[in-house]
Amino acid sequence: MSETTAVPSPSPAAASPSAAQAPDASHPGLPGRPARRGRLARRLPVLGGLAAGGVLLLAGPAFAHVSVQPGKAEQGGYATINFKVPNERDNASTVKLEVTLPADHPLASAMPQPVPGWKVEVTKSKLDKPLETHGKKLTEAVSKITWTADGGKIAPGQFQQFPVSVGQLPKADKLVFKALQTYDNDEVVRWIEPTKEGGPEPENPAPVLELTPASGDGHGSGTADAKKAGGDAGDAQQAAADGSDTTARVLGGAGIVVGIIGVAFGVLAGRRRGA
């Protein structure tokens, strides 16, 4: 008679050596780690959208302050500059702007251009040291210009430019103008903080006009510059607005690109997970 040897049946643990890796309930047969990757992939488009929104939100405040447009002019000449005033509030309108001219570099001439809907007041002060220009000595100079709403205002979501002809510009690196912006709810924003070279921009920076050496083409001073100073300020306003809009578009486009990358990455990760 032949003997039959009984072979013991394998234990449940031995029959399923990978039982410790529980499959994803929604995707049978896939271990838990790919399931976690799938959840991450589904979240990536949302994270990309949040990143894009963050860039767009940060792009706005960078331009929402009183500034000088254009930001550069030549030493020794005359220039028409514009104080660009955006409205930062959603529930109030700007009704007053006060600009203090630099006392360390007094200007012999500072003439504001009339702005419809606004009245302007020019304040002069005695100079500690007489200013000599065109063979004449000046004992006083414009120290402050104030625009007050007279039927006009800067409503939420809008900006206004206030042109001023200035000169002769000193042989200095820059001119710093301090400005006060008043809203119709009596709030006053003081744009007076200096910007340190190489440092971060302060919360309320003072408007700055950078001065560059004269080009040497014979138009650094005199009648030719006076004519230039009295030119059409509308062109300067449009150029200033275009410059700010271009920068804003660049930052806004960067935010959109970040969002697109996030969506694309999420789609690719989802395809890999499905494969």
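**View 1. Four aromatic pairs count in this predicted model.** Here the rings of Phe, Tyr and Trp (its six-membered ring) pair if their centres lie within 6.5 Å; planes under 30 degrees apart count as stacked, over 60 as edge-to-face and the rest as tilted. The rings of F83 and F177 form an edge-to-face pair, because their planes stand at 80 degrees, with the centres 5.3 Å apart. F83 belongs to strand β3 (residues 79-86), while F177 sits in the loop between β9 (174-176) and β10, so this pair ties together parts that are 94 residues apart in sequence. Strands (E, at least two residues) and helices (H or I, at least four) are DSSP runs, numbered from the N terminus. F83 and F177 are both buried. Buried means under 20% relative accessible area, exposed over 50%, and partly exposed in between (1.4 Å probe, protein chains only).

The model is predicted: local features need pLDDT of at least 70, side-chain atom pairs count only at pLDDT 80 or more, and totals for chains, interfaces and linings use all residues. Residues are numbered from 1 along each chain as its sequence is written, and side-chain values use heavy atoms, with hydrogens and water left out.

**View 2. W147 and F162 form a tilted aromatic pair.** Their centres are 5.0 Å apart, with 40 degrees between the planes. W147 is part of strand β7 and F162 of strand β8 (residues 159-167), so the pair ties together parts that are 15 residues apart in sequence. W147 counts as buried because its relative accessibility is 1%. F162 is buried too, at 0%.

**View 3. A lysine sits over a ring.** The charged end of K84 is 4.7 Å from the centre of the F159 ring. A charge sits over a ring if NZ of Lys or CZ of Arg is within 6 Å of the ring centre and within 35 degrees of the ring normal.

**View 4. Five strands make an open sheet.** Their order is β6-β7-β4-β10-β11, with antiparallel pairing. Two strands pair if DSSP finds at least two bridges between them. β6 and β11 (188-191) stand at the edges, each with a single partner strand, so one side of each has no neighbour in the sheet. Neighbouring strands are turned by 15 degrees against each other on average, direction ignored. That angle is taken between axes, which are lines fitted to C-alpha atoms (for helices over the stretch in contact); angles run from 0 to 180 degrees between N-to-C directions.

**View 5. Strand β7 pairs with β6 and with β4.** Twelve antiparallel bridges join β7 to β6 (residues 118-133). Within this pairing, K124 stands opposite V142. The two strands form a hairpin with two residues between them, and H134 in the turn has a positive phi of about 55 degrees. Strand β4 (residues 94-100) is joined to β7 by five bridges, also in the antiparallel sense. There K96 has T148 as its bridge partner.

**View 6. S143 lies in strand β7 (residues 136-149).** Is S143 buried or exposed? S143 counts as buried because its relative accessibility is 19%. Beyond its neighbours within four places in sequence, S143 is in contact with V99, T100, L101, T123, K124 and S125. Contact means heavy atoms within 4.5 Å.

**View 7. Strands β10 and β11 pair at one end of the sheet order.** β10 (residues 178-183) and β11 are antiparallel, with four bridges. Q181 has V189 in β11 as its bridge partner.

**View 8. Side chains alternate along strand β12 (residues 208-212).** In a regular strand the side chains alternate between the two faces of the sheet. In β12, L209 and L211 point to one face and are buried. Strand β2 (residues 72-74) runs parallel to β12, with three bridges. The partner of E74 in β12 is T212. β9 pairs with β12 in the antiparallel sense, also over three bridges. There L175 has L209 as its bridge partner.

**View 9. The whole chain holds four helices and twelve strands.** Of its 275 residues, 32% are buried. Among contacts between residues at least 6 apart in sequence, 74% join residues at least 24 apart. The chain exposes about 17,200 Å², and carbon and sulfur atoms supply 56% of this area. Accessible areas come from the Shrake-Rupley method with a 1.4 Å probe; for residues, only the protein chains shown count as cover.
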